Amino acid sequence: MERIVNLANSFGNTSSNMKLSEWLQGYYVKNDLALLFANMDSAMKYVHSKGYCIYSFNPSDIEILNGSLEQIRFNVLMELPGDFSEQKDIVRDNIWKSSFLQIAIYSKCLDCLKPDFLKENFDGFATFLPEDMVPYYRGIIVRNASVYLGDYLLEKRRRDLEALEKEISNTDSGNSLKNNAPGNLLDYDSMNSKVNSAIYKKLNGISDTAFVSFLMMPILVIVLGVVLVAVVFLMRSL
């Protein structure tokens with residue numbers, strides 16, 4: 001059975017930390033949700049890169065740290081299995097559940113929305129979503145695509161900038177919008193990776209320990225083999 005890791009009460013356990021379930025009871029706007037979901041996705045992707053997945057998407061098991069929507073901690077994680085095919089299925093399921101949670105929050109149906117009902121009636125819920133995000137959520141919920149929200153946003157921005165550059169190419173072809181666009185998503189992703197590295201440092205330690213153990217195994221086998229050969233040689237010389 002894969003290992004379950006609970007990160008509650010680790011890193012920044014202060015009074016300014018808040019469970020997502022509590023945060024949702026306060027005042028927020030759609031722009032807050034967009035930032036929250038982008039950072040939730042970034043955290044989830046980071047967890048996957050460390051060989052773990054999100055075991056619980058219950059809002060009570062997700063924390064906003066230090067009052068910042070850029071610091072998201074999933075508290076209950078599970079180690080990914082060794083089989084690559086199983087890993088892909090679990091990552092896909094994580095992305096689906098994350099999107100389901102986001103739509104439930106957008107539509108204020110967190111306590112009553114069911115997965116099958118959302119899949120069968122997606123068009124009815126699309127009205128609650130940001131218009132430019134409907135294709136993404138439709139792809140995840142209806143078509144079971146496996147695409148991180150951050151990757152979608154990065155590709156969307158790239159295409160939008162390319163289209164805009166074509167429109168203005170005759171007037172200012174020497175000024176690249178891609179190079180001068182504020183808030184470059186690649187820079188943001190790099191910064192967010194550092195944030196997640198600090199939040200999930202306990203996970204990093206587990207991964208590092210497992211990696212060291214993995215490296216040490218062949219060395220131990222070789223050492224034991226050399227010792228055994230030496231013992232056999234010694235016994236024969238007696």
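These legends cover a predicted model, first as a whole chain and then in close-up views.

**View 1. Overall chain.** The secondary structure comes to 10 helices and 6 strands (DSSP runs numbered from the N terminus; helices are H or I with at least four residues, strands E with at least two). Of the 238 residues, 36% count as buried (under 20% relative accessible area; exposed is over 50%, partly exposed in between; 1.4 Å probe, protein chains only). The accessible surface comes to about 14,300 Å² (Shrake-Rupley method, 1.4 Å probe). Carbon and sulfur atoms hold 58% of that surface. Among contacts between residues at least 6 apart in sequence, 68% join residues at least 24 apart (contact: heavy atoms within 4.5 Å).

**View 2. A negative patch on the surface.** Glu2, Asp83, Glu86 and Asp89 gather here (patch residues have over 30% relative accessible area and no salt bridge, with like charges joined within 9 Å; a salt bridge is a side-chain nitrogen of Lys or Arg within 4 Å of a carboxyl oxygen of Asp or Glu). Charges are placed at CG of Asp and CD of Glu. Asp89 lies in helix α3, residues 84-106. Asp89 is partly exposed, at 48% relative accessible area.

**View 3. Leu153 and Ala38.** Leu153 lies in helix α7, residues 149-172. Leu153 is partly exposed, with a relative accessible area of 26%. Leu153 and Ala38 are 115 residues apart in sequence. In space they are 8.7 Å apart, C-alpha to C-alpha.

**Notes.** Residues are numbered from 1 along each chain as its sequence is written, and side-chain values use heavy atoms, leaving out hydrogens and water. Local features need pLDDT of at least 70 and side-chain atom pairs count only at pLDDT 80 or more, while totals for chains, interfaces and linings use all residues.

Methods. Patch = residues over 30% accessible without salt bridge, like charges linked within 9 Å, V, L, I, M, F, W, Y side chains within 5 Å. Lys, Arg positive; Asp, Glu negative; His and termini not counted.
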